[in-house]
Amino acid sequence: SGEAFISLVDDNLNEENFDGVTEFTNNPGVTFTILPETITNITNTGTDVNLQANNDLIIRSEQQIITDNPDGDGGSITLQAGRTIEVDSNITTDNGNLNILANTTADSGTVGEFRDAGIAEIAIADGVTFNTGTGNLVLNIGDSTSASSGGNITLDSVTANNVTLATGSGTIDVAGSINATGNVALTGNEINLLGGENSVAG
């Protein structure tokens, strides 16, 4: 899709046939909006969800995205955008992986003509938390594209197994804490641990 929204708003709702995957080539210039429970209805069964948008992918919802699979681990969630990803809602995956991948290129399938020019960012709103349990968390802004370069990653607090935050030319700002039972890898032009040096465990 062109842009993807996860929202409580029903405008442009087109989720009747959503099976857990939206691809860059599916209606590449169209804005696509789905409800949070459409995602969790799938991940609650242990099935992965992959959302792809050629331009921006935005989660604007007062409703948290909470996976709860009574029969085991939740399905993984992957968000991919040709430019920016914004998240304004808590996400809990019930041990599924959470991958947030911005500034994806044609090598990943992005249709470049539907990506607006501008710096790509991963912006997690203040107070928003991610909990992947034993699952891994990856926030990555890809290499520069012909449209623009990668920008900053901002987030609050996360709990996960392994945590990877990476942006080649931007800054990483962690306002809260990173609680990892595995490894923590932070790669960026500048790393700011606004909660202090003791805010990272892993």
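Strands S7 (residues 77–81) and S10 run parallel and are joined by four bridges. Within this pairing, Gln80 stands opposite Leu101 of S10. The model is predicted; the mean pLDDT of the protein chain is 81, with 75% of its residues at 70 or more.

- Strand S4 spans residues 49–53 and is mostly covered, four of its five residues being buried.
- Strand S10, which comprises residues 98–102, is likewise mostly covered, with four of its five residues buried.
- Five bridges connect S10 to strand S13 (residues 137–141), and these two strands run parallel.
- Leu98 has Leu137 of S13 as its bridge partner.

**The six-stranded open sheet**

- An open sheet with parallel pairing is formed by six strands, in the order S6-S9-S12-S15-S18-S21.
- Its edges are strand S6 (65–66) and strand S21 (200–201); each has a single partner strand, so one side of each is left without a neighbour in the sheet.
- Within this sheet, strand S15 (residues 157–160) pairs with strand S18 (residues 178–180) in the parallel sense over three bridges.
- The bridge partner of Val158 in S18 is Ile178.

**Salt bridges**

- The whole structure contains two salt bridges.
- One of them is formed by Asp56 and Arg83, whose closest N and O atoms are 2.7 Å apart.
- Asp56 lies in the loop between S4 and strand S5 (57–60), and Arg83 in the loop between S7 and strand S8 (85–87), so the pair ties together parts that are 27 residues apart in sequence.
- Asp56 and Arg83 are both buried.
- A salt bridge also joins the side chains of Glu86 and Arg60, at 3.8 Å from N to O.
- Glu86 belongs to strand S8 and Arg60 to strand S5, so this pair links distant parts of the chain, 26 residues apart.
- Glu86 is partly exposed, because its relative accessible area of 27% falls between the limits of 20% and 50%.
- Arg60 also counts as partly exposed, at 44% relative accessibility.

**Confidence along the chain**

- Residues 1–5 have pLDDT below 50; beyond near neighbours in sequence, this stretch has 35 contacts in the model.
- Over residues 7–21 the pLDDT stays under 50, and the model has 39 contacts for them beyond four places in sequence.

Definitions and conventions
Residues are numbered from 1 along each chain as its sequence is written. This is a predicted model: local features need pLDDT of at least 70, side-chain atom pairs count only at pLDDT 80 or more; totals for chains, interfaces and linings use all residues. Side-chain values use heavy atoms; hydrogens and water are left out. Buried means under 20% relative accessible area, exposed over 50%, partly exposed in between (1.4 Å probe, protein chains only). Two strands pair if DSSP finds at least two bridges between them. pLDDT is the predictor's confidence in each residue, from 0 to 100. Contact means heavy atoms within 4.5 Å. A salt bridge is a side-chain nitrogen of Lys or Arg within 4 Å of a carboxyl oxygen of Asp or Glu.
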